[in-house]
Amino acid sequence: MEEREPQPAYLASPGSVLNVDRSFYSSVASAPRVLKSSITIPPRSAKAVNVPAGCIFRFSTPSGPQVGDLNLWNAKNPHERFWASRTRQLQASHVTTFDRMWSCLPYLRPMATIIADSLQDFGVSKWGGRCHDLLGTRCDPYVNKMLTGDDYDFHCHSNLVRAILPFGLTEPDVHDVLNIFQVTGLNSSGKYFMEASPARPGDYIEFFAEQDLLVALSTCPGGDLSKWGWGEGATGANEENDKGGMLECCREIAVEVYEIEEGVRAEVLNGWKEPKRPDYKGMHGMMVPVGEGVMETRSEETA
Ligand SMILES: [Zn+2]
């Protein structure tokens with residue numbers, strides 16, 4: 001008998017919350033829409049933008065390949081933020097249309113759903129690389145210092161820190177990212193690798209906001225990753241000595257926020273509701289005294 005590969009740990013079986021309503025998200029993607037805001041994130045920087053629930057946010061590469069590091073928070077409660085590793089398990093190591101971005105505990109609900117991806121047919125490179133990466137995380141000045149001895153202030157981590165400050169968030173709010181337009185994989189030794197971004201001018205990825213979001217994106221100083229390298233023998237990314245010419249492979253990413261046209265919005269979004277948290281009773285088996293000699297099990301407030 002032919003051996004079969006193990007089945008996924010988390011199955012999108014019929015009726016499961018993991019089984020998305022594709023026809024709903026397809027109609028959202030094709031519904032007439034109105035541009036609410038439009039910004040461009042210059043090379044080696046980041047910006048944050050509020051996206052109301054029920055709206056669409058879109059990232060594109062107008063000038064060609066560039067990878068972007070994405071963070072999401074609940075706009076009203078930044079404790080609820082994107083959980084990359086659970087999303088990797090529930091969806092896949094690389095995401096595309098109909099995959100969802102899940103939030104951290106104790107929330108665990110979809111924050112956004114991908115409704116369009118012009119690179120969804122990228123498939124698998126000859127090295128096993130796939131696009132829109134959840135295996136890795138953001139570049140940061142600490143690992144850079146550790147590996148090269150250099151101080152550099154425009155890694156994705158630092159870019160995201162600066163982008164969220166005006167929204168009242170700080171460095172500990174930055175979390176593991178989705179690397180959009182980025183091709184990565186694990187080699188035969190299980191080591192993480194990156195390949196050059198396949199994004200062409202005009203390539204895009206679009207998300208439907210399942211709740212009110214703060215969305216931040218950094219244009220990675222590694223640019224399209226065609227010349228990436230930190231560590232021994234690397235080309236480096238220092239502003240003042242851009243040895244490997246990495247600045248040449250850095251481009252902007254455009255961000256647009258849309259709402260579905262008013263006349264059709266109610267019809268298109270009919271039946272859609274902001275996802276709820278799983279109704280675990282809370283408390284993790286603990287009893288907490290409410291006062292002297294009085295014990296009571298309380299469940300957590302629901303979102
Ligand atoms: Zn980066």
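This is a predicted model: local features need pLDDT of at least 70, side-chain atom pairs count only at pLDDT 80 or more; totals for chains, interfaces and linings use all residues.
What does β4 pair with? One partner is β12, which β4 meets in the antiparallel sense over seven bridges. Here Trp 73 stands opposite Leu 214 in β12. Strand β9 also runs antiparallel to β4, and three bridges join the two. In that pairing, Asp 69 sits across from Asn 179 in β9. Then there is β5 (residues 77–81), paired with β4 in the antiparallel sense over two bridges. Trp 73 turns up again, this time opposite Arg 81 in β5. With two residues between them, β4 and β5 form a hairpin.

Next comes the nonpolar interior. In soluble globular proteins, nonpolar side chains tend to be buried together. The largest nonpolar core has 32 residues, and Phe 57, Phe 59, Leu 72 and Phe 207 touch the most other members. The elements giving two or more residues to this core are β2 (46–51), β3 (56–61), β4 (68–74), β7 (110–117), β9 (178–186), β11 (203–209), β12 and β13. Of these, β9 gives the most, with four residues. Apart from this core lies another one, made of 13 residues, among them Phe 24, Val 28, Val 268 and Leu 269.

Phe 207 is worth a look of its own. Leaving aside residues up to four places away in sequence, Phe 207 touches a list of residues including Phe 57, Phe 59, Leu 70, Met 101, Ile 114 and Leu 178. Cys 55, Ala 112 and Thr 113 are also among the residues that Phe 207 touches.

The model also holds a zinc ion, coordinated by the SG atoms of Cys 139, Cys 156 and Cys 220 at 2.2 to 2.3 Å. Along the sequence, these donors follow the spacing C-x16-C-x63-C. Cys 156 lies in helix α4 (residues 156–164) and Cys 220 in the loop between β12 (213–219) and β13 (253–260), so the pair ties together parts that are 64 residues apart in sequence. Cys 156 is buried, with a relative accessible area of 0%, and Cys 220 counts as buried too, at 4% relative accessibility.

What about disulfides, and how many are there? A search of the whole structure turns up zero. For Cys 249, the closest cysteine sulfur belongs to Cys 250, and at 5.0 Å that is too far for a bond. Cys 249 counts as buried, at 3% relative accessibility. Cys 104 is buried as well, with a relative accessibility of 15%.

Finally, a word on confidence. The mean pLDDT of the protein is 92, and 91% of its residues reach 70 or more. Over residues 236–241, however, pLDDT stays under 50. For that stretch the model has 13 contacts beyond four places in sequence.

Terms used. Residues are numbered from 1 along each chain as its sequence is written. Side-chain values use heavy atoms; hydrogens and water are left out. Donors are N, O and S atoms within 2.8 Å of the metal (3.2 Å for Na, K and Ca); water is not among the atoms, so sites may look incomplete. Buried means under 20% relative accessible area, exposed over 50%, partly exposed in between (1.4 Å probe, protein chains only). A nonpolar core is a set of buried Ala, Val, Leu, Ile, Met, Phe, Trp, Tyr and Cys residues joined through side-chain atoms within 4.5 Å. Contact means heavy atoms within 4.5 Å. pLDDT is the predictor's confidence in each residue, from 0 to 100. A disulfide is a pair of cysteine sulfur atoms within 2.5 Å. Two strands pair if DSSP finds at least two bridges between them.
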